[in-house]
Amino acid sequence: MTEKVLSWLDERLGLTTIYSVVLDRKVPKVNWWYTLGSATLFLLIMQILTGIFLTVYYVPSPDHAYDSVQYIMTGVSFGWLIRGIHHWGASLMVVFVVLHMLRTFYLGAYKYPRELTWFTGVILLLATLGMGFTGYLLPWNQRAYWATTVGTSIAGTVPVIGPLIMRVLRGGTDLSAVTLARFFAMHIWGLPAIILAVVGIHLYLVVRIGISSVPTEED
Amino acid sequence: MAKRARYRLSRREFVNLVVGALGSIMGAVVGIPIIGYLVSPALKAQKSEAWIPLGPLENYPIDVPTPFNFTRTKVHGWERTVSSYGVYVLRTAEDQAKVFSNVCTHLSCRVKWREDLGQYACPCHDGFFDKNGDVISGPPPRPLDQYETKVEDGNLLIHFVEG
Ligand code: FES
């Protein structure tokens, strides 16, 4: 019975083809450093899932942001766990993205024909840092508030257009409810949309071109 | 597959069993926190009860339903909500009173005492109640709810239970 259903679906969806192309593809003999990309992808999925769960209770408004986070930590069953995974996962993700980049750089995997994979990877690195920056403000505690004050001020030191960038980031001259709302929007809609789209391209390229082998002496 | 004695687990069956068992354990480890996270606020007991003073009984005229309003504060998650409640006090004797909730027993609209009709009228679906809260006509399924009352030092109190 299940056989029948599966083959019916397979005939229409091409599941076995997808499976063989994506998972049964030939890979060169590589080492553990080549698993950093998959590790990052796993962390990304964890961040997306825990992030979705956090929005069930989190409120991006100055009068409730802090209290709603406190509520998640103490009032909701396993809230500490979900937020803890999101919190630590965020730091881990930055670490893994950077390690993944270093591996690609040191083993020369960014060269022809994988320039576009590298390029999309750079976008993903920046977007990940953007996630860290926007997410840091959301708990709306003292540390978050002042870190974002400093962070946006740094953007303000850019010559000529700096003050404008700072005002756009803050949504005004000061950090306010407007800042919190736009950081939230970027954190849960803007940047994730970019990340998902670019991860799609990145993975497509990995499957299409294949990964590079460990360089040998002749290379 | 070759025929084997029933009691012997084939290698394939054994692997399936182990994978199934480990998979269920992992599913529970992930699933239980998620379900708990999503439903726990719904399951928290939000009972509140209190004796609410409605003032000296002698302030209420005998045999005339008189409205009284009070507010209660409740904490919902990260927010405090102040809700107001309305009751009708019917002083039946020198030292006795009945206190009715003004929430219609049909679909929770607020009823109003109409002196001209001598009835409580619900504006939503034309429900009518008499002075003692019993249904006269309309869709309400039961009489108006009453609060438990007591009189202490001449003050009227009602027992407010919620949740
Ligand atoms: S709610 Fe009062 S009659 Fe329907």
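This is a predicted model: local features need pLDDT of at least 70, side-chain atom pairs count only at pLDDT 80 or more; totals for chains, interfaces and linings use all residues.
Visitor: Where is the place of A:Phe78 in chain A?
Guide: A:Phe78 sits in the loop between α4 and α5 of chain A. The elements are DSSP runs numbered from the N terminus (helices: H or I, at least four residues; strands: E, at least two). Residues are numbered from 1 along each chain as its sequence is written, chains are lettered from A and ligands numbered from 1 in the order in which they are written, and side-chain values use heavy atoms, with hydrogens and water left out.

Visitor: Is A:Phe78 buried, exposed or partly exposed, and how do you know?
Guide: Its relative accessibility is 29%. Buried means under 20% relative accessible area, exposed means over 50%, and partly exposed is in between (1.4 Å probe, protein chains only). So A:Phe78 counts as partly exposed.

Visitor: What is phi of A:Phe78?
Guide: Phi is near 65°, a positive value in a residue other than glycine. Most residues other than glycine have a negative phi, and most peptide bonds are trans. B:Asp153 has a positive phi too, about 50°, and it isn't a glycine either. B:Asp153 is in the loop between β9 (146–152) and β10 (155–162) of chain B. At a relative accessible area of 79%, B:Asp153 is exposed.

Visitor: And the peptide bond from A:Tyr112 to A:Pro113, cis or trans?
Guide: That one is cis, with omega near 0°. A:Pro113 belongs to the loop between α5 and α6 of chain A.

Visitor: What does B:Ile32 touch?
Guide: Leaving out residues up to four places away in sequence, B:Ile32 touches A:Phe78 and B:Gly27. Contact here means heavy atoms within 4.5 Å. B:Ile32 is part of helix α1 (residues 11–43) of chain B. Its relative accessibility is 53%, so B:Ile32 counts as exposed.

Visitor: How many residues does the contact take from chain A and chain B?
Guide: 17 residues from chain A and 12 residues from chain B. Together the two chains bury about 1300 Å², 72% of it on carbon and sulfur atoms. That area is the accessible area (1.4 Å probe) that two parts lose on being put together, summed over both. In chain A, the residues that lose the most area to chain B are A:Phe53, A:Tyr57 and A:Tyr71, together 39% of what that side buries.

Visitor: Which elements give two or more residues to the side of chain A that touches chain B?
Guide: They're α3 (36–54), α4 (65–74) and α5 (79–106) of chain A. Of these, α4(A) gives the most, with four residues. By class, that side of chain A has 11 nonpolar, five polar and one charged residues. Here Ala, Val, Leu, Ile, Met, Phe, Trp, Tyr, Cys and Pro count as nonpolar, Asp, Glu, Lys and Arg as charged, and the others, Gly among them, as polar.

Visitor: Why do the side chains of B:Asp63 and B:Lys131 count as a salt bridge?
Guide: The rule asks for a side-chain nitrogen of Lys or Arg within 4 Å of a carboxyl oxygen of Asp or Glu. B:Asp63 and B:Lys131 come in at 3.7 Å, N to O, so the pair passes. B:Asp63 lies in the loop between β1 (48–56) and β2 (66–76) of chain B and B:Lys131 in the loop between β7 (127–129) and β8 (135–137), so the pair ties together parts that are 68 residues apart in sequence. B:Asp63 is partly exposed at 40% relative accessibility, and B:Lys131 is partly exposed at 27%. Another salt bridge joins B:Asp145 and B:Arg142 at 2.8 Å, N to O.
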